Every structure is written in C-alpha cells, then in structure tokens.
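Hello,

I'm handing a structure over to you today, and I hope you enjoy looking through it. Could you open it first and then read my notes beside it?

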Amino acid sequence: MTQAGAPTHDPIPIGEIAKPPFTRLPDPLAMFARRAVRLKTLASNHQLSSYLIFLANLCEAQHWIQNGLPAAEVPRSDAIERAREFRMPPLDRTRFVADKAMDATWERLLALAAAIAMPDGARIALDRVNTADAAVKAAMLEAVLSNTIPVEELAEHTFAAAALQVHFARLAVQLDATMLAPVGEGACPACGSAPVSSMVVGWPGAQDTRFCACSLCGTLWNQPRVKCTLCGSTEGIAYQEIAGGPATVKTETCESCGSYLKIMHQRIDAAIDPIADDVATLALDLLVRESGYRRGAVNPFLLGY
C-alpha cells in the first residue's frame, strides 16, 4: 500500500470554471441497471467474482421491480420547508413509516430474488426471510434504518437494505434539489444516511469537484476536497492506495477522527459506481484497517465487513 499527501488537481480549462450544484438527485430507473452492468464488468477475473455476479443480479432485480409499483409519497411541501428550516433531511430515515409502496417493493424484491443465482449462504438467508412473518420483516427494515442489525443476521438484512434503497431512491427523485441544504457532516441532505463513498466527477459545470454518494437513497451532495467527509476536519488528511491497484480508487484517511472513506475518480473512469466499486475494492479496506483506521462508510452489500 502506498500513501500520499493531498492530490494534485488537474487544471480546469479556461471558460469551464466549475460551479457544482449542492446536490444531484438519483435516477432510480437507470441507477440500478447501470450498477448491475458495472458489477458484471468488475466481476471479470476478480477474486470476488461469484459475489459480484450475485450483486449484479440483485441490482437487476432492484431495477425491474420498479415497473408498476405504487407511487412513493413524499412529505408535504410544508414539512419539507420545515425540515430545511431546522436543517433536517426531508426523508428522515429515523422517522420512516412503511406504506403500500414500501410493502410492494419489499414483496416484489423477495419474489424476484428467489429466481436469481446466489451463494449458498445468501440462499439460506433469503429462505429465512421468505418464511418470516410480516412483523419480523418490518423489524428487519427498522433494523437497517436504525443501524441495529444483529450480527448473526447480516445476510438476511442485505435483502431488506436492497428494498429500502429502491424505495428511498424513488422518494428522493421527487424532491426539489434546490430545496436541499446541509444537515451535518457525513449525512445525506435528503435522507440523513451516511455516504458509501465519494467521487471526483467530470460533469459539465462540475469538473474536478467531489460529491459524496448516499448509501440509501443514492443522492449525491457536493463536498470540498481534502476535507474529512465525516468530521469536517481539514487537518491530517492523507490518501492511500494499493500498489498496482486501480489508480481510480483510493482511501481518504483522517487523523482527527481516525476514519476513512474511499474517494473514486469518476472523471477518469465514467463507469465508476459508488457502491459497486466500493465492493470490488474490499482489499483496500482490509489494508487500511490494518493501519488502525475505521471505515466511516456504509454499504448495504458489505454489511458483514
């Protein structure tokens, strides 16, 4: 593993000064399909190939279940304005109440997942979920949202998290991005979730700027570079990578809080996905943890790591 100080920034062409928006809302009708494609690409000759293929199939299920789902109902405009006033996320995960849209999403995902190929452990976990009663399934959703998943049931809750991702992405896309405001360090301005990773993008008007990616709803929010995404410190920031590994993915470590988050250079590889590439670079997590840093990210597909 190699370590370096602050990254050098590529010059921005004159006339293309970056003026990034604060947020970029997800596109659930495309996001999960793109993620599935990325996972299949990453699976080629990868040590985690079978698991990445399973995740690709699960993401395809996330994509297809959206067809014909009941509308996901966002909070009323006055509630959204009140959330903004008090610097709270309008889709606050801590106040989530399941509705018909969420129930249908959960039911469809489990039905479609039953037909996909998966590791034996995942199959056993899925069978346990399918035989659980409604109260247990509801408790699983609550455990994901409250970060209280029992260690012995991590595999089962991966399916619950996948259903919640779809539901919250369908909610988030209906928000007005201009109404979203910061709600705290390391928190999604739409739903309050932790980031899964951050990306340096190359979008027109946002060249070479960084966005954190929400682990739940998929919203992206602008975050200054060389600043801890979790505690906000600008001191003791360093970057680490695996020698010979993909130069597009590094970890940003913070001495102030002892945490790290991956930073991905999507401006170099536009196909990078914040969740898929996080799973595919698990070896980087293991090495950074040996240095004593804790993972500050949340990835529903890495619940056991």
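Predicted model: local features only at pLDDT ≥ 70, side-chain atom pairs only at ≥ 80, totals over all residues.

Residues are numbered from 1 along each chain as its sequence is written, and side-chain values use heavy atoms, with hydrogens and water left out.

Let's begin with two helices. Helices here are DSSP runs of H or I with at least four residues, strands are runs of E with at least two, and both are numbered from the N terminus. Helix H2 covers residues 49–64 and packs against H7 at an angle of about 40°, with the axes 10 Å apart. Axes are lines fitted to C-alpha atoms, for helices over the stretch in contact, and angles run from 0 to 180 degrees between N-to-C directions. H2 and H7 are therefore oblique to each other (under 35 degrees is roughly parallel, over 145 roughly antiparallel, 65 to 115 roughly perpendicular, and the rest oblique).

Which residues meet there? From H2 come Phe-54, Leu-58 and Gln-62, and from H7 come Thr-158, Phe-159, Ala-162, Gln-165 and Val-166.

Tyr-51, Phe-54 and Phe-159 form one aromatic cluster. Rings of Phe, Tyr and Trp (its six-membered ring) pair if their centres lie within 6.5 Å; planes under 30 degrees apart are stacked, over 60 edge-to-face, and the rest tilted. By this rule there are four aromatic pairs. In one of them, Tyr-51 and Phe-54 are tilted, at 6.0 Å centre to centre with 45° between the planes. These two are about one helical turn apart, because they are three residues apart in helix H2. Phe-54 also pairs edge-to-face with Phe-159, at 6.3 Å and 65°. Since Phe-54 lies in H2 and Phe-159 in H7, this pair ties together parts 105 residues apart in sequence. Phe-54 is buried at 4% relative accessibility (buried is under 20% relative accessible area, exposed over 50%, partly exposed in between, with a 1.4 Å probe and protein chains only). Phe-159 is buried too, at 1%.

Finally, have a look at Cys-191, in the loop between helix H7 (154–172) and strand E3 (195–201). Cys-191 is buried, with a relative accessible area of 0%. Leaving aside neighbours within four places in sequence, its contacts (heavy atoms within 4.5 Å) include Pro-89, Phe-168 and Cys-214. Cys-191 and Pro-89 are 102 residues apart in sequence, yet 5.1 Å apart in space, C-alpha to C-alpha.

Best wishes
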